Amino acid sequence: MGERQVARVETSATRPINPAAGRRANMPTASIVSADRIVFNIKGNDYRLVVAVDFEKAIVWIKWIGTHKDYDRIDVKEVDHGD
């Protein structure tokens, strides 16, 4: 545990989430780091937002947010909220 649930993604019952199809097209400023980690570039790449996603449950957890300079000092695959 220790993770803070911050958002629930709502989807249509007729259109289930497909984690592979269309992710990149829907999030052009995002980088897919692993099966459950995505990094978003914010404000022209000045800031970064790292999230963990459970596509089956449609839940997103914020793992880290900070400047691009600070992002260069973290391990994006291991960072957790509060690190």
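How many helices and strands does the chain have? The chain has two helices and five strands; helices (H or I, at least four residues) and strands (E, at least two) are DSSP runs, numbered from the N terminus. This is a predicted model, in which local features need pLDDT of at least 70 and side-chain atom pairs count only at pLDDT 80 or more, while totals for chains, interfaces and linings use all residues. Residues are numbered from 1 along each chain as its sequence is written, and side-chain values use heavy atoms, with hydrogens and water left out.

**The chain as a whole**

- From the N terminus on, the order of elements is β-α-β-β-β-β-α.
- Of the 83 residues of the chain, 27% count as buried; buried means under 20% relative accessible area, exposed over 50%, and partly exposed in between (1.4 Å probe, protein chains only).
- The accessible surface comes to about 5900 Å², and 52% of this surface belongs to carbon and sulfur atoms. Such areas come from the Shrake-Rupley method with a 1.4 Å probe, and for residues only the protein chains shown count as cover.
- Among the contacts in the chain with a separation of 6 or more, 29% join residues 24 or more positions apart. A contact means heavy atoms within 4.5 Å.

**Nonpolar cores**

- In soluble globular proteins, nonpolar side chains tend to be buried together.
- A nonpolar core is a set of buried Ala, Val, Leu, Ile, Met, Phe, Trp, Tyr and Cys residues joined through side-chain atoms within 4.5 Å.
- The largest nonpolar core has seven residues: Ala-30, Ile-38, Leu-49, Val-51, Val-53, Phe-55 and Val-60. Strand 4 (residues 47–54) gives the most to this core, with three residues.
- A second, separate core has six residues, including Trp-64, Tyr-71, Val-76 and Val-79.
- Leaving aside residues up to four places away in sequence, Val-51 touches Asp-36, Arg-37, Ile-38, Phe-40, Val-60, Trp-61, Ile-62 and Lys-63.

**Strands 4 and 5**

- Strand 4 and strand 5 (residues 59–67) pair in the antiparallel sense over eight bridges. Two strands pair if DSSP finds at least two bridges between them.
- Arg-48 stands opposite Gly-66 in strand 5.
- The hairpin of strand 4 and strand 5 has four residues between the strands, and Ala-58 takes a positive phi near 60° there. Ala-58 is buried, with a relative accessible area of 9%.

**Around Tyr-71**

- A search of the whole structure finds one aromatic pair. The rings of Trp-64 and Tyr-71 have centres 6.2 Å apart and planes at 50°, so the pair is tilted.
- Rings of Phe, Tyr and Trp (its six-membered ring) pair if their centres lie within 6.5 Å; planes under 30 degrees apart count as stacked, over 60 as edge-to-face and the rest as tilted.
- Trp-64 is buried at 9% relative accessible area, and Tyr-71 is buried at 16%.
- The charged end of Arg-48 sits over the ring of Tyr-71, 4.3 Å from the ring centre. A charge sits over a ring if NZ of Lys or CZ of Arg is within 6 Å of the ring centre and within 35 degrees of the ring normal.

**Two further residues**

- Asn-45 lies in the loop between strand 3 (37–42) and strand 4. Asn-45 is not a glycine, yet has a positive phi of about 80°, and at 29% relative accessibility Asn-45 counts as partly exposed.
- Glu-78 lies in the segment after helix 2 (68–71) and is exposed, with a relative accessible area of 56%.
- The C-alpha atoms of Glu-78 and Lys-63 are separated by 9.1 Å, with the two residues 15 residues apart along the chain.
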